[in-house]
Amino acid sequence: MSRLPAFFRWLALAALADWLIARTITRSAIFMPKSPPVITAYQLLSFVGQVSATFAGLLAIAALAWIVWTHWRSRGGMGFPIVVVSLIALSIAFLFAPAEGWLRVAYQLLVIAALGMITAQKLTAFEKSRFSGRLFPALALLAGSLYQLSHALYAALHWPGPPPFASALFNLGELFVVLGAIAIWWAYGRGLNPWHDASLLWAAVPALAFAAGHLANQSMTGIIAIWSTGMTLYLPWPLYAASLWLAGATVVTSLRRGDSVAWAILLLAAGGYAPQLSTQVFVGLVGLWLLTPIVEGNLQSLVSRNTGRMTWTTSNESSA
């Protein structure tokens, strides 16, 4: 992560604040009785959440623009830059025109194209063992986008809905979310033993909090999960708890190594499943991109500084 511009880290922090404050804490507080001091605190949290969401949107666009720039500088072709720039342009257009009809269909098609291009980036034999850590999160995002596309297509064609396969597609994507956390841990987070490392035991705190909430009030936990992450919790709850723990352990392990996997996990979590807003879509795309071998350095890419400017060169270009 130290190789990347600082706004990637700020994006992760802003997206986390948006997720935890605007989409989780303040929505959960709807059910609380509110005295005047609690109302004041609630309004303050809502303001912080709105500011975080705004910053996350701006920083996500900046991160995608930087990704497009590096892709173009590395001569990776114009397909990916065109798709991402078109996606950003449509999102800005939706500020002035409703996201409906064929414009919404085109938007979802661009999201699907961007996901496919990121997932397929330069798979080599050197990193095939880690490809599953990128594949399952990509499949989860893809399933969510296809779910959104099916509804957009039915609405554009004025067909009676909902699409008959939409629920099955949504549930499949949620399964990929859970498997994605396990796959990322298998690919990146097995370096330390949680039973012999106290810091990794702290990674179990979110899982324990989820388990306690589910056992105390299953319906309330389900409502908050939908609002916060977009998931319905239809699978057995121990699977969600286990995936939370493994994802947390991978974050801790990655932070110790100083790579970008931890920030990728946090961005994917903050983006949520089947996101409704462009900001969350962009955050998920950036998170998935951070799992690519270009960022990890598995393609022998490096960052060199020349007269204060950052340029990307491959090892072959360096040797030449």
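How many salt bridges does the count come to?

1. Two salt bridges. This is a predicted model, and the side-chain pairs below should be read with that in mind. As background, side chains of opposite charge can pair when their charged atoms come close.

2. The side chains of arginine 23 and aspartate 18 meet in a salt bridge, with N to O at 3.8 Å. The cut-off is within 4 Å, so a pair at 3.8 Å counts. Arginine 23 is buried, at 7% relative accessible area. Aspartate 18 is buried too, at 9%. Both values are under 20%, which means buried for each residue.

3. Arginine 257 is partly exposed, with 40% relative accessibility. Aspartate 259 is also partly exposed, at 22%.

4. Helix α4, span. The helix covers residues 101-119, 19 residues in total. From first C-alpha to last, α4 reaches 28 Å. That is close to the 27 Å expected at 1.5 Å a residue.

5. Helix α4, buried face and cover. Which residues of α4 are buried? They are Val105, Tyr107, Gln108, Leu110, Val111, Ile112, Ala114, Leu115, Ile118 and Thr119. The cover over these buried residues includes three helices: α3 (79-93), α5 (131-156) and α12 (278-289).

Terms used: Residues are numbered from 1 along each chain as its sequence is written. This is a predicted model: local features need pLDDT of at least 70, side-chain atom pairs count only at pLDDT 80 or more; totals for chains, interfaces and linings use all residues. Side-chain values use heavy atoms; hydrogens and water are left out. Buried means under 20% relative accessible area, exposed over 50%, partly exposed in between (1.4 Å probe, protein chains only). Helices (H or I, at least four residues) and strands (E, at least two) are DSSP runs, numbered from the N terminus. The expected span of a helix is 1.5 Å times one less than its number of residues. Contact means heavy atoms within 4.5 Å.
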